[in-house]
Amino acid sequence: MAWRIEVSEKNGFYDAAGASVTRDIRDLGFGGRIKEVRTVQVYLLDGDLDEYGIRKICDNILADPVTQNYSYRGNVLEEKGRKVVEIAYNPGVMDPVEESAKKAIKDIGILGVRAVKTAKKYIIKGSLSYGEIRSIAEKILFNKVIQHAVKGRSAIPPEPPPYHFTLKHIDMINADDRKLARLSKDGQLFLSLDEMRAIKDYFKRTERNPTDCELETLAQTWSEHCKHKTFRGLIEYEGKTIKNLLKQTVMKVTDELRKPWCVSVFKDNSGVIRFDDKYNVCFKVETHNHPSALEPYGGAGTGIGGVIRDPLGTGLGAKPIINTDVFCFGPTDYPYNRLPKGALHPKRVMKGVVAGVRDYGNRMGIPTSNGAVLFDERFVGNPLVFAGNVGILPKNKCGKKSKPGDFIVVVGGRTGRDGIHGATFSSGELTHESESVSGSAVQIGNPIQEKKVADTIIQARDLGLYNAITDCGAGGLSSAVGEMGEETGAEVYLERVPIKYKGLSYTEIWISEAQERMVLAVDPKKIHRLKAVFDRENVEATVIGKFTNTKRLKLFYDGTLVADLGMKFLHDGVPPIKRKAVWQKQVFKEPRKNTGKDLTEDLLGLLSTPNIASKEWIIRQYDHEVQGGSILKPLQGPNQGPGDASVTRPVLGSKKALAIGCGINPDYGKIDPYWMAASAIDEALRQVISVGGNIETCAILDNFCWGNTNKPDRLGGLVRASYACYDIAKAYGVPFISGKDSLNNEYSAGNKTISIPPTLLISAICVMKNSEKAISMDLKKKGSALYMVGLTFDEMGGSQYYKMRGSLGNDVPRVDPVNGRKIMNSLAKAIERGLVLSCHDCSDGGMAVALAEMAFAGGLGVNVRLDPYAMPIGQELLLNDILLFSESNTRFIVEIADEKKFIAAMKGLPIWKLGNVRGDSYFNIYGPDGKLAVTTGTGRLKSAWQGTFKDM
Amino acid sequence: MGKVKVVIIRTAGTNCDKETAFAFEMAGAMADLVHINELAHKTKNLDDYQIMAIPGGFTYGDDIASGKILANELRFRIGREVESFIRSGRLIIGICNGFQVLVKAGLLPNLAGDLETIESTLTLNDSDKFEDRWVYLKRTGDRCVWTREIDHIIELPVAHGEGKFIPKNKNILKKIRDNGLVAFEYVDRDGKRAGYPYCPNGSVENIAGICDRTGRIFGLMPHPERYISPYQHPGWTRKSGKMRDGDGITIFRNGVNYAGKYL
């Protein structure tokens, strides 16, 4: 029998969830009209259950005996005179609580429960119409991609009907071009006509039509997401043909540098470098932009969940130890009436993304230690969500090879209809119809499932129970098995794959992107021992097939062959694409500089702009100290200023550490992707240097997010950015070890298309010998000297200062990596020798923002004079605002105890003395003319910086 | 005499197990990570240990309510073993999620003495948010063996979303106070009770940790295992010279020393 149980806080106990919904509704502009919101948790239980059982379940599991009431006979709260909204999951969407609830009920000895579903009821008091409540609900209480507002009462949806097998063929060998194009579009295959023709030719040669499963397999494997066709194809650019842009630029740096500590690069699921005598570390950063645009919470959560599985699937499995996250959103105050059709409001996207990453990362027990958040109008509709993970693995567990005869074992979560077409969906553009067409591409993660998988895999790894491993990411089993069996061949019996519910077709099983699954290659002799490891911790491990020596991929369903493809065609059959790239430098107007006047308000304004203002509300929601290795945290000093790189000790009891930094600046990308990429590299390295790292043991990762690269101008920008990656990283001597690209980040509604600005995220990882030498950015001591390291130029294009004033500018900051390398190396040595008390890199907002952050973080003021004579030869006397707010690269502000030694250490390099640290809170900067350019106090600086997102 | 043996209980979603084991090892004990299923299936035996630790994490994803499902496993799957562990005078510590488990299993504060009556709870922070921040703590009660000799204000990080301590009623609160069971209160840097963010969750009377009447069962929301080395403190870069150990280690040493002496 079915029971409905309602649980709510007792009167007199604070309903914290209800209170935050009330705040959110007020935030939407309903002000005092909303009096109170109460939340009710609804559980629907079905099974062989009597009243005694239900009471036992409620008393022991569902309701807190101290703070909560429950009712299994109607409403738990009075609803008279209030409006009620109940939100439930759509059929087929995983209910995250179901599995735990079933287990808990079994634990207390009640065995008859078949199904558990949950819903949430909001009881709203206030003078709002039902129409208004409906619109509020759509804006903040649910997302129709995964949930719905219940009409009447929630019920457990009936089980889907069982699947009746019929083998489907697609008529391709007789299709003309028009039909081929339509097949691709209607089937959401996102394959080009050339690719469809190649598939047609292949099947013509085999004298039969493909099955739907074969066509889907090819679409997944050949998707831009999996194959990086743009980067690896042919590009015509400035009269030359570039063959494989990635190899010619990013990968070439690593090839030429030949760093002995690079263990495995651009091969495995993440890049591997040496850490110490026992361990290597690996790092991967991915994006999950399109799913996060449609369902921010689920999209971002599965983004971090997915990237964690990359290190877990690297070598024979790495233990995940650090998360990073970088987000780009539309402005949070964007007017609702200007939102493109179908797009979610940026504020909602932001809150959902932050919560999604929080809930997944925290539950996995991985510290989130480094990140950035940026805002721009061009991210409305198409946010960027970068998620990264660092793993650690023993040196002798870095290789893998599946052998013919090995069992194919799928481990972890069950397969459902979630995430069908994720790989192909992410390779296309977003439109206002994406939500209805591609809704099933969005998934909700179950971090505890993944945690169980990670825990058990590491145990099985250490016992040597499998030969190879990879994650089920985009493309699901089709990609994982296809990849692992590329050299050998594989046979899979699809009916053996454990499924969440009935009704899945063989093709759905094969391409589902259900989360939290890994695939192992296991010697049959070890299968019992392997299964015992997983059984012990309630993780499913199922043999679904075996690796063969046929070099073919064969899939069966209930004994019928449903797919039979040559591995060579599957992996190498995609026709190389040839694209045109054009770059024409756009010239933007350079706004007039501010001269002579007091720039205090400008500095305070800059500190409170969304890009610069404190992200403490996000940082604190992420556990950045779990695992116990956090040495330098994201917020530093007694007043919590923004740190540069984070420093983490992955091995407890050892001083050796990892510094993790990042560089990103989409505003530069609007002007010139070359210098945007160059600046991103410089910034990531600066962060690492600032905390006591160095560039000699530093590696970087690239994540390109671009608009539609079918358009020659977009592709031209990509080529330029790639060239910069080669030029700058090579000159700095820093290898790339992994990377990923996400193209087609455009949002179309009607005839309007918004393309994101060309954006490259550079993530840096540096192995630090002794973390006790690390330094933070907060000013430490009255009287110590302040120096600027590096040169300042009149290059304000794309600066935050211009952005605040509503313009873009044209002269984007450049990078001089030859001198930059010298500066960074000498500064790193000075820090290692203990000559530097604090250091902060100059990035967004220039030196004035960096200095202000150092001052309020440490609670100490400064006396500083901008000295034009210390500027490089040939430069004219610069204006205050350039000196203060220019974002010239390779610059640091350092606090020095022993000036003599520091000057000697930096001999021959551009350093200039700024002034001294004060003992009080006065923050004074004098211009070259000796007049005060900025005068304020550290308290005001801090309030400006902390005020913007205070009420999030 | 051999080393004190600590069983660190883990299950799906436990995530502070390794650093908790490390902290006990630094305090001179030997620590085993044991899955709850191993205890339920009797492949591992609680009797072999002097100290049981339930570490932080998100067991079962905090689904339904934090700590609840593991609490029920302690009661319903290994209830007898847990009871005999406690009756034989051994020590238990629950940190963060582990504290939630002890409270929801009825093992803390256990004024009724029956190891099952639920007398208090830990619920959603007033902010409705998970938060990671450092707090100042003051020892108030004198009953707890784990907090002996902590006479100055100490600092530890908290990282939780459901840490608001609520006793069932005033009577329970009074008994907790009268018996000296409040091990730690959230305070400001001068040692005075203060509001958010000093008290990160809205706990009744700023209670951060409590023990039972024997003083041997102890639970707290802050994470002592995250402040063993001085370099884990957010302000270490401002200090110079030789730094003393992190404040958290004392708690582990107290437990291990007590067990070594009496168990």
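1. A residue counts as buried if 20 or more other C-beta atoms lie within 10 Å of its own, as exposed if 12 or fewer do, and as partly exposed in between, with C-beta atoms placed from the backbone. Helices (H or I, at least four residues) and strands (E, at least two) are DSSP runs numbered from the N terminus. This is a predicted model: local features need pLDDT of at least 70, side-chain atom pairs count only at pLDDT 80 or more, and totals for chains, interfaces and linings use all residues. Residues are numbered from 1 along each chain as its sequence is written, and chains are lettered from A and ligands numbered from 1 in the order in which they are written.

2. Helix α32 of chain A covers residues 938–947. Its buried residues are A:Thr938, A:Leu941, A:Lys942, A:Ala944 and A:Trp945. They lie on the same side of α32(A), because they cover an arc of only 160° around the axis; the arc is that of the directions from the helix axis to the C-beta atoms. Their cover includes α22 (600–607), α29 (846–858), β39 (922–926) and β40 (932–937) of chain A.

3. A nonpolar core is a set of buried Ala, Val, Leu, Ile, Met, Phe, Trp, Tyr and Cys residues joined through C-beta atoms within 7 Å. The largest one has 368 residues, of which A:Leu658, A:Ile681, A:Leu685 and A:Ala764 touch the most other members. Helix α25 (residues 673–690) of chain A gives the largest share of this core, 11 residues.

4. Chain B has seven helices and 11 strands. Its C-alpha trace spans about 50 × 45 × 35 Å along the principal axes. Of its 263 residues, 61% are buried.

5. Two residues are in contact if their C-beta atoms, placed from the backbone, lie within 7 Å. By that rule, 46 residues of chain B are in contact with 53 residues of chain A. On the chain B side, α1 (17–26), α3 (68–77), β5 (120–123), β6 (131–139) and β7 (154–160) each supply at least two residues. The largest share, six residues, comes from α3(B).

6. Strand β5(B) is covered on both faces. B:Ser120 and B:Leu122 are buried on one side, B:Thr121 and B:Thr123 on the other. In a regular strand the side chains alternate between the two faces of the sheet. β5(B) pairs with β8 (residues 164–167) of chain B in the antiparallel sense over four bridges; pairing requires that DSSP finds at least two bridges between the strands. B:Ser120 stands opposite B:Pro167 in β8(B).
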